[in-house]
Amino acid sequence: MRREIHANSLVFKIVITVTIGLVFLAVSIGAINMTVSKRVFVDNFAMTQRKAFNQIDYQFYKFFQDVTAIVSTVTRSENVEKFLMGADMDDVETMNNSYLLERQIRESKASNYSQMNVIIMGENEKSYMNNIADVFSQPKEDILRSRAAKSARENRNKIICQYEETGFTENTKNTPEIG
């Protein structure tokens with residue numbers, strides 16, 4: 001005698017009820033787990049991004065403060081003025097002035113940035129560059145006609161940050177720079 005399980009039998013009803021309960025429980029736990037994980041991921045991602053942007057903001061602000069200090073040092077320097085305008089200096093005075101200018105730039109915050117190149121150029125095309133391993137990649141009159149130089153002339157006594165597609169020196173001629 002063979003026993004068949006009928007749709008109305010108690011065993012069948014129990015098996016169906018347990019199966020439906022297990023499927024419902026698995027779907028519920030999965031949905032809850034995904035919702036909680038999503039919230040945790042979004043919160044952690046947002047907190048991580050906030051920390052990263054705060055660090056970038058702090059470092060950029062610190063860099064801008066240092067650039068401001070360097071520019072202030074340069075603009076208040078008698079050595080810069082003598083270097084750019086001192087047409088009547090003899091060779092000894094010129095060398096002494098160049099040495100003092102170099103020392104002043106080295107002692108400024110520019111020495112904290114190995115890739116920063118301080119370029120000082122007068123309207124008479126007399127120029128100074130603190131990176132002795134670099135040379136200008138274009139004529140000085142082209143540099144004086146650049147957007148950065150024009151902005152500097154239009155906004156005297158202000159620090160101007162101007163994006164340029166290419167740099168002014170051999171080391172930066174193929175890379176964008178801020179002038």
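Predicted model: local features only at pLDDT ≥ 70, side-chain atom pairs only at ≥ 80, totals over all residues.
Colleague: Which exposed residues does the face of H3 turned away from its buried side carry?

Modeller: That face carries Asp91, Val92, Met95 and Glu107. Buried means under 20% relative accessible area, exposed over 50%, and partly exposed in between, with a 1.4 Å probe and protein chains only. Residues are numbered from 1 along each chain as its sequence is written, and side-chain values use heavy atoms, leaving out hydrogens and water.

Colleague: Which residues of H3 are buried?

Modeller: Asn97, Leu101 and Ile105 are buried in H3. They cover an arc of only 70 degrees around the axis, so they lie on the same side of H3. The arc is taken from the directions from the helix axis to the C-beta atoms.

Colleague: What do the buried residues of H3 pack against?

Modeller: Contact means heavy atoms within 4.5 Å. The buried residues of H3 pack against helix H1 (10-75), helix H2 (78-85), strand S1 (119-121) and strand S2 (127-129).

Colleague: Is Ser77 buried or exposed?

Modeller: Ser77 counts as buried because its relative accessible area is 5%. Ser77 sits in the loop between H1 and H2. Glu78 is in helix H2, and counts as exposed because its relative accessibility is 58%.

Colleague: Which side chain does a polar contact join to that of Ser77?

Modeller: A polar contact is a pair of N or O atoms within 3.5 Å; within protein, one must be able to donate a hydrogen and the other to accept it, and residues adjacent in sequence count only if both atoms are side-chain atoms. The side chain of Gln104 is joined to that of Ser77 at 2.6 Å.

Colleague: Which residues touch the most other members of the largest nonpolar core?

Modeller: In soluble globular proteins, nonpolar side chains tend to be buried together. A nonpolar core is a set of buried Ala, Val, Leu, Ile, Met, Phe, Trp, Tyr and Cys residues joined through side-chain atoms within 4.5 Å. Of the 13 residues in the largest one, Leu101, Ile105, Val118 and Ile120 touch the most other members. H1, H2 and H3 are the elements giving two or more residues to this core. A second, separate core has six residues, including Met121 and Phe136.

Technical notes. Helix = DSSP H or I, 4+ residues; strand = E, 2+ residues; numbered from the N terminus.
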